[in-house]
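Let's go through this one by asking what each label rests on. Every answer sets a value against a cut-off.

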Amino acid sequence: MVSQGSSPSLLEALSSDFLACKICLEQLRAPKTLPCLHTYCQDCLAQLAEGGHLRCPECRETVPVPPAGVAAFKTNFFVNGLLDLVRARASGDLRAGKPACALCPLMGGTSAGGPATARCLDCADDLCQACADGHRCTRQTHTHRVVDLVGYRAGWYDEEARERQAAQCPQHPGEALRFLCQPCSQLLCRECRLDPHLDHPCLPLAEAVRARRPGLEELLAGVDKSLAELEAARMVEKEALAQLREQAARVGTQVEEATEGVLRALLAQKKEILGQLRAHVEAAEEAARERLGELESREQVARAAAAFARRVLSLGREAEILSLEGAIAQRLQQLQGCPWMPGPAPCLLPQLELFPGLLDKNCHLLWLSFEKQQPQKDSGKDGARNHRGEETQSRREEGAKTERQDGAQTPKGETPKGERAQTPQEGGAQTPKGERAQTPQEDGAQTPKVERAQTPKEGRSQMPQEDGGAQTPGGGRSNKKRKFKGRLKSISREPSPGPGPNLEGSGLLPRPIFSCSFPTRMPGDKRSPRITGLCPFGPREILVADEQNRALKRFSLNGDYKGAVPVPEGCSPCSVAALQGAVAFSAGARLYLISPDGEVQWRRALSFSQASHAVAAMPSGDRVAVSVSGHVEVYNMEGSLATRFIPGGKANRGLRALVFLTTSPQGNFVGSDWQQNSVVVCDGLGQVVGEYGGPGLHGCQPGSVSVDKKGYIFLTLREVNKVVILDPKGSLLGDFLTAYHGLEKPRVTTMVDGRYLVVSLSNGTIHIFRVRSPDS
């Protein structure tokens, strides 16, 4: 029953939900209940019936239609009673005009009756004051409950009205249903009882309810138990899903850290190998220059002596030749006996060796393993996590031990590797291959394990030596692949090492750190928000363009509502940008510039060929750019056109459609071109700096764009729930935000202070992420 205190809100909820047909979305008319206990209008069910069956629009259960049609479905008398109560309260609105008395016309009056001031709950009639007084005095109606009409309309007597309300027989109007035919399970009035059901055992309704209520309550208790079990199962499923998402986010972070660690290690090895290569070449060149100088000096001495002897022999007289014969012979013999060649020059050519599986397309440096979830109590989570950590650590130590044992087995007859393991300072110009060929006895066998207290640089510098120590000729190929795979597995499970040297251009991406999330719907909003524009507004504030509610709302980065910027009457702001002491926004085919208190400073008409116009503030804050029919127009604070250009020049006239637009701190323009399905970056003169329209867009139209303080471009892909990142020239770098970060149909974005990415969703929610650069 409806209580007096809760009747107004309850009836309002019933009239808008329970008493509304889910098919026509209007108040139920001739309600019929299906076996699944869902109620619809009889006419609506008739439209759904096909081939003797119909499907419930809510639970999708197939229901056979009775041979007599949908009219044979059970009539929902409960809904009918509530509808009668709602209609009685709604008829004759007191504000529109007082209802007339229902008894005055029946007493021989010609008028429609006087104004009603009371209502009889038993007769369900509105009465004037005179009829109400007489109603209380007659023998037949003195027990009826006559109440004040105003209080009845206000819902004060809903409970009494429900108690005195009687269901009417559909076959005999005016007759209340009083009996239940037990064989037919049909409600009967007195007329029905005396005609076709005269020989059937019947019970009064109160007695029939008392007899059948325990069975229904028992079934209801069983359903309540099932509901509790379903609720528990649903909670378990939600917890499992939340655990899956949490673990997926954790694994995603581990993948990023592992990838960064591998990249840092490879970059360190690259730097080290190139340094060794330069040292080897420089040492070889220095030794070669010394040998070349000595050879040139000896060559000059020999040439001079040979030339002198040749002149004496060809031009000298006999006495002259004989007088110099002894000195010439002695000098020539001295030159012949001198070691002309200092020995074979060592020419050690460098060769690069890679791990066998590194270039194999089937070699996976990272892979996933899936474990079945085990329900655990909260008190045991830490212990289980520590246990798993100990198992992982023990596996790593066993792998390292196996690697050292395999590497320590040096085949017999092999040339000792210690001779080739000399450093460039000891042996002159040595090759990197020689350094990698150190034996495990010298490098790894005597050291149990590299200490964790090592700096990343030290750890990286020893990796090639450890790898080389494990190499064996012949059958060592599979061992190298297995140990290399195990080492990368251990790297992927540990935190990435500290930042190494300058990594610019190495491919390391900025990472998101979730800050907060908040809704943008305010109490005064008549509709759900539809955010079409975002921009920074003051210190640590954002300005939100809510096109659906025709408002420019201010929020802090913590989600605190700071008020609104008034907009002209009838304007629905689309895109918005904040300038120095002013706000620019587009609405329809116009560009507005208003003050923070809503005063319009100027407006400019734009082309009607574009449904919406993107607005962006220049880095200087004194000009605003707007996209118009494939080109960009820039206006100053006075509303004068400062410049106008087409990305790529006049050759691209009619080939561009910039739906989203932003500017970078470097002064470039970044736009989403829906005609070319690409992201275009151009300078202030319209020259294209870079453009991307590759497979990284996943076939989606590029969405909102934002640029951080370093020039990285953040592109929204709404269809796949992603925000991808591009470098300042428009080359795709990778994913920045995905559905794991809570993105569900992202709409527009903006960058605040160059380090906070603000993302609005289609449901009006805003997520804020701090952009963490790789070098921070």
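Q: Which residue stands opposite Ala 582 in β18?
A: That's Leu 579. One thing to keep in mind throughout is that this is a predicted model.

Q: What makes β17 and β18 a pair of strands?
A: Pairing takes at least two bridges between the strands. Strand β17 (residues 576-579) and β18 have 4 bridges, in the antiparallel sense, so they qualify. Their hairpin has 2 residues between the strands, and Gly 581 there takes a positive phi near 70°.

Q: How do you know that β18 and β19 pair as well?
A: By the count of bridges again: β18 and strand β19 (residues 590-594) share 5, in the antiparallel sense, and at least two are needed. In this pairing Ser 586 stands opposite Leu 591 in β19. These strands also form a hairpin with 2 residues between them, and Gly 588 in the turn has a positive phi of about 65°.

Q: Why is strand β18 called largely enclosed by the rest of the structure?
A: Because 6 of the 6 residues of β18 (residues 582-587) are buried, and buried means under 20% relative accessible area. Ala 582, Ala 584 and Ser 586 point one way, while Val 583, Phe 585 and Ala 587 point the other way, and all are buried.

Q: How many aromatic pairs does the rule give?
A: The count comes to 8 aromatic pairs. Among them are Phe 555 and Tyr 561, with ring centres 5.4 Å apart and planes at 55°, so this pair is tilted. That angle falls between the 30 and 60 degree cut-offs. Phe 518, Phe 555 and Tyr 561 form one aromatic cluster.

Q: How many disulfides does the rule give?
A: The count comes to 0. Take Cys 24: the nearest cysteine sulfur, that of Cys 44, is 3.8 Å away, whereas a disulfide needs sulfur atoms within 2.5 Å. So Cys 24 is in no disulfide. Cys 181 is in none either, as the nearest cysteine sulfur, that of Cys 184, is 3.6 Å away. As for cover, Cys 24 counts as partly exposed at 25% relative accessibility, and Cys 181 counts as buried at 0%.

Q: What makes Glu 231 and Arg 234 a salt bridge?
A: The N to O distance is 2.4 Å, and the cut-off is 4 Å, so the contact counts. Both residues lie in helix α8, 3 residues apart, about one turn of the helix. Glu 231 is partly exposed with a relative accessible area of 35%, and Arg 234 counts as partly exposed at 37%.

Q: How do you know that Arg 289 forms a salt bridge with Glu 286?
A: Their closest N and O atoms are 2.6 Å apart, against a limit of 4 Å. Arg 289 and Glu 286 both lie in helix α8, 3 residues apart.

Q: Why is the pair of Lys 722 and Asp 735 said to tie together parts that are apart in sequence?
A: The closest N and O atoms are 3.0 Å apart, and the two form a salt bridge. Lys 722 lies in strand β31 (residues 722-726) and Asp 735 in strand β32 (residues 732-737), so the pair ties together parts that are 13 residues apart in sequence. Lys 722 is buried at 17%, while Asp 735 counts as partly exposed at 38%.

Q: How many salt bridges does the structure hold?
A: It holds 15.

Notes:
Residues are numbered from 1 along each chain as its sequence is written. This is a predicted model: local features need pLDDT of at least 70, side-chain atom pairs count only at pLDDT 80 or more; totals for chains, interfaces and linings use all residues. Side-chain values use heavy atoms; hydrogens and water are left out. Buried means under 20% relative accessible area, exposed over 50%, partly exposed in between (1.4 Å probe, protein chains only). Rings of Phe, Tyr and Trp (its six-membered ring) pair if their centres lie within 6.5 Å; planes under 30 degrees apart count as stacked, over 60 as edge-to-face and the rest as tilted. A salt bridge is a side-chain nitrogen of Lys or Arg within 4 Å of a carboxyl oxygen of Asp or Glu.
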